[in-house]
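Work through the exercises below with the chain open in your viewer. Try each task before reading its solution.

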Amino acid sequence: MESLETLLSVLRQNHLKITPQRRLILEILVDDASHPTVDQVYQQVITVMPNVSRTTVYNTLHELVALGVLIEVQDMGAGGGRYDTNASQHHHLLCTHCHTLLDIERDFPELELTPVEACGYRIARHQVTFYGVCPCCQQALASQEESI
Ligand SMILES: [Zn+2]
Ligand SMILES: [Zn+2]
């Protein structure tokens with residue numbers, strides 16, 4: 001997890017103004033390890049700054065992805081991107097029921113493409129998602145079945 005200071009210094013290096021909105025969005029992301037969606041970040045932003053638009057939040061998140069301080073994780077089930085301040089190479093565990101997304105801090109060095117499979121692409125990074133049902137949802141599902 002990057003610290004707020006590190007993220008702010010990346011903005012400064014890239015000559016982006018540290019507006020109160022950008023600062024707030026970064027503060028929210030640094031504190032939130034749950035890989036929030038645009039909407040979840042937006043909901044937190046407007047509790048502090050009610051005048052910030054969803055578009056501003058969306059655009060800011062995209063700028064941060066372009067700078068490499070945020071990673072966008074695709075979550076097909078939840079409908080869109082989730083944002084991750086852990087920009088190091090890591091993988092995920094996704095609950096297909098509640099969409100809890102956890103980090104897996106291990107690399108899989110055997111995960112490589114042959115030149116033929118890569119089709120000439122210059123590979124920048126790869127990300128593996130393990131899909132499953134988390135312990136909480138397993139319990140909830142089991143008790144639902146019992147009550148039927
Ligand atoms: Zn779950
Ligand atoms: Zn992550």
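**Exercise 1. Domains**

Which domains does the domain assignment of the chain give?

*Solution.* The chain splits into domain 1 (1–87) and domain 2 (89–148). These bounds come from an automatic or database domain assignment. This is a predicted model, in which local features need pLDDT of at least 70, side-chain atom pairs count only at pLDDT 80 or more, and totals for chains, interfaces and linings use all residues. Residues are numbered from 1 along each chain as its sequence is written, while chains are lettered from A and ligands numbered from 1 in the order in which they are written.

Next, take the centres over C-alpha atoms: 22 Å separate domain 1 from domain 2. Seven residues from domain 1 and seven residues from domain 2 make the contact. Two residues are in contact if their C-beta atoms, placed from the backbone, lie within 7 Å. On the domain 1 side, two of the residues are nonpolar, three polar and two charged. Here Ala, Val, Leu, Ile, Met, Phe, Trp, Tyr, Cys and Pro count as nonpolar, Asp, Glu, Lys and Arg as charged, and the others, Gly among them, as polar.

**Exercise 2. Elements**

List the elements of the chain from the N terminus on.

*Solution.* Count first: there are six helices and five strands. Both are DSSP runs numbered from the N terminus (helices H or I, at least four residues; strands E, at least two). Then read the order: α-α-α-α-β-β-β-β-α-β-α.

**Exercise 3. α1 against α2**

At what angle do helix α1 and α2 pack?

*Solution.* Helix α1 (residues 4–13) packs on α2 at about 145 degrees, with the axes 10 Å apart. Axes are lines fitted to C-alpha atoms, for helices over the stretch in contact, and angles run from 0 to 180 degrees between N-to-C directions. Now find the residues. Leu4, Leu7, Leu8 and Leu11 of α1 meet Arg22, Leu26, Glu27 and Val30 of α2. By class, this contact has six nonpolar, no polar and two charged residues.

**Exercise 4. α2 against α3**

How do the axes of α2 and α3 cross?

*Solution.* The axes of helix α2 (residues 20–31) and helix α3 (residues 38–48) come within 10 Å and cross at roughly 125 degrees. The two helices are therefore oblique to each other. Angles under 35 degrees count as roughly parallel, over 145 as roughly antiparallel, 65 to 115 as roughly perpendicular and the rest as oblique. Leu24, Ile25 and Ile28 of α2 touch Val41, Gln44, Val45 and Val48 of α3. That contact has six nonpolar, one polar and no charged residues.
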